[in-house]
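Subject: Structure for you to look at

Hello,

Here is the structure I said I would pass on.

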Amino acid sequence: MSQLAIWRIQAFERLVELVSKLQGAASPSDDKVDDLVRKLSQLPARPADRPAYVGIFGVKDVNAGRKKAVERLQELFVELEGDYNEVDSLIDDVIRSLTKLPKRPADKQPYASLFPPSKFNLLSVDELLAIAPEAPVERAKLLVPQLNRTMLEFEITTPRRQAHFLAQIAHESDRFRALEEYASGSDYEWRMDLGNVFPGDGVRFKGRGLIQITGRTNYGECGRALGVDLIKSPKRLSDPDLACRSAGWYWDNRKLNRDADRNDVYTITEVINGGYNGLDDRKELLVAAKRVFKA
């Protein structure tokens with residue numbers, strides 16, 4: 001089951017990437033993407049006389065529909081659970097269609113011919129709570145699928161990398177209790193170093209995410225990397241999916257996997273914090289995380 005869960009995460013990442021790159025006139029691949037979004041959303045099948053995306057999103061332009069489909073797929077990946085089912089077969093088919101690969105061999109399960117086996121250790125809710133027992137259980141249940149997705153996306157895939165990453169974000173988020181900073185953000189008004197150049201930017205672009213992204217400039221950079229307009233919708237950064245992925249983006253952008261490989265908690269803390277605030281707590285969390293991952 002864990003291998004299937006990993007493949008599903010990898011498949012959704014590949015899907016989002018491929019659909020994002022679709023250009024030009026509508027094609028049979030768009031019909032397959034429409035079918036997949038409908039299946040995952042438990043919507044009726046597309047009427048034969050309806051172009052792709054129109055009946056789901058109410059947009060006539062195919063490129064606008066593709067953009068909406070990408071956004072919806074980002075939300076829907078957590079809906080796919082349990083054993084192999086027809087949706088897995090459809091996802092495999094869509095990826096093959098978009099990459100012009102042959103049809104899946106009849107003797108192969110979905111994904112098996114698309115992705116190699118992985119030794120990645122999927123994080124469980126119990127393991128997250130073993131690292132940070134104070135975390136709200138319901139919040140942990142929401143975050144764990146997104147954390148697994150994030151760690152795979154940004155190659156935080158060895159026990160040591162996972163331990164360092166989770167220890168740092170546990171500290172930064174007050175044991176996963178805060179997906180945005182508690183303060184109002186008014187202290188960031190007119191902080192030119194953060195790109196806050198308009199009235200209200202301090203509050204609008206306050207720290208959000210598991211590693212608190214702060215300021216108009218950083219929101220813009222993060223949003224471009226994740227394919228979400230965070231300038232237009234800054235509060236999205238405190239939703240579980242982007243709270244996790246933004247932390248992964250920050251980690252990757254600052255090349256912190258390299259420091260985790262060296263077991264350098266001091267450099268990681270300095271990069272994230274700008275100093276060594278909370279270093280002892282970060283170390284304690286790291287001990288707990290290493291115990292979980294046997295790192």
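At what angle do the axes of helix 8 and helix 14 cross? The model is a predicted one, and in it the axes of helix 8, residues 159-172, and helix 14, residues 279-293, cross at roughly 140°. They come within 8 Å of each other. The two helices are therefore oblique to each other. The crossing of helix 8 past helix 14 is right-handed.

To see the contact, display these side chains. On helix 8 they are Pro159, Gln162, Ala163, His164, Leu166, Ala167, Gln168, Ala170, His171 and Glu172. On helix 14 they are Asp281, Arg282, Leu285, Leu286, Ala289, Lys290 and Phe293. Sorted by class, the residues of this contact are nine nonpolar, four polar and four charged.

Helix 7 and helix 11

Next is a pair with another partner for you to find. The axes of helix 7 and helix 11 cross at roughly 30° and come within 9 Å. Angles under 35 degrees count as roughly parallel, so helix 7 and helix 11 are described as roughly parallel to each other. Their crossing is right-handed. From helix 7, the contact uses Leu142, Leu143, Gln146, Leu147, Arg149, Thr150 and Glu153. From helix 11, it uses Pro240, Asp241, Cys244, Arg245 and Gly248. The classes here are five nonpolar, three polar and four charged.

Helix 1 and helix 4

Helix 1 covers residues 2-20 and helix 4 covers residues 62-76. Their axes come within 9 Å and cross at roughly 170°. An angle over 145 degrees counts as roughly antiparallel, and helix 1 and helix 4 are therefore roughly antiparallel to each other. Phe12, Val16, Val19 and Ser20 of helix 1 meet Arg66, Val70, Leu73, Gln74 and Leu76 of helix 4. Six of these residues are nonpolar, two are polar and one is charged.

Ala5 is also in helix 1. Ala5 has a relative accessibility of 26%, so it counts as partly exposed. The C-alpha atoms of Ala5 and Glu81 are 7.8 Å apart in space, while the two residues are 76 apart in sequence.

An aromatic pair

How many aromatic pairs does a search of the whole structure find? The search finds three. One of them is formed by Phe165 and Trp251. Their ring centres are 5.3 Å apart with 80° between the planes, and the pair is edge-to-face. Phe165 belongs to helix 8 and Trp251 to helix 11, residues 240-253, so the pair ties together parts that are 86 residues apart in sequence. Phe165 and Trp251 are both buried.

Two buried residues

Leu98 is located in helix 5, residues 86-99. Its relative accessibility is 14%, so Leu98 counts as buried. Apart from neighbours within four places in sequence, Leu98 is in contact with Leu15, Leu18, Val19, Leu22 and Ser29. From Leu98 to Phe165 the C-alpha separation is 33 Å, and 67 residues separate the two along the chain.

Is Arg208 buried or exposed? Arg208 is buried, because its relative accessible area is 4%. Arg208 sits in the loop between helix 9 (201-204) and helix 10 (216-226). Not counting residues up to four places away in sequence, Arg208 touches Leu179, Glu180, Val203, Ile213, Tyr219, Pro234, Lys235, Leu237 and Ser238. The C-alpha atoms of Arg208 and Ala178 are separated by 8.6 Å, and the two are 30 residues apart along the chain.

Two residues with positive phi

Most residues other than glycine have a negative phi. Lys100 has a phi near 55°, which is positive, and is not a glycine. Lys100 lies in the loop between helix 5 and helix 6 (125-131). With a relative accessible area of 76%, Lys100 is exposed.

Glu155 is not a glycine and has a positive phi of about 60°. Its place is the loop between helix 7 (137-153) and helix 8. Glu155 counts as exposed, at 52% relative accessibility.

Regards

Technical notes
Residues are numbered from 1 along each chain as its sequence is written. This is a predicted model: local features need pLDDT of at least 70, side-chain atom pairs count only at pLDDT 80 or more; totals for chains, interfaces and linings use all residues. Side-chain values use heavy atoms; hydrogens and water are left out. Axes are lines fitted to C-alpha atoms, for helices over the stretch in contact, and angles run from 0 to 180 degrees between N-to-C directions. Helices (H or I, at least four residues) and strands (E, at least two) are DSSP runs, numbered from the N terminus. Angles under 35 degrees count as roughly parallel, over 145 as roughly antiparallel, 65 to 115 as roughly perpendicular and the rest as oblique. A crossing is left-handed if the near helix is turned anticlockwise from the far one by less than a right angle, and right-handed if clockwise. Contact means heavy atoms within 4.5 Å. Ala, Val, Leu, Ile, Met, Phe, Trp, Tyr, Cys and Pro count as nonpolar, Asp, Glu, Lys and Arg as charged, and the others, Gly among them, as polar. Rings of Phe, Tyr and Trp (its six-membered ring) pair if their centres lie within 6.5 Å; planes under 30 degrees apart count as stacked, over 60 as edge-to-face and the rest as tilted. Buried means under 20% relative accessible area, exposed over 50%, partly exposed in between (1.4 Å probe, protein chains only).
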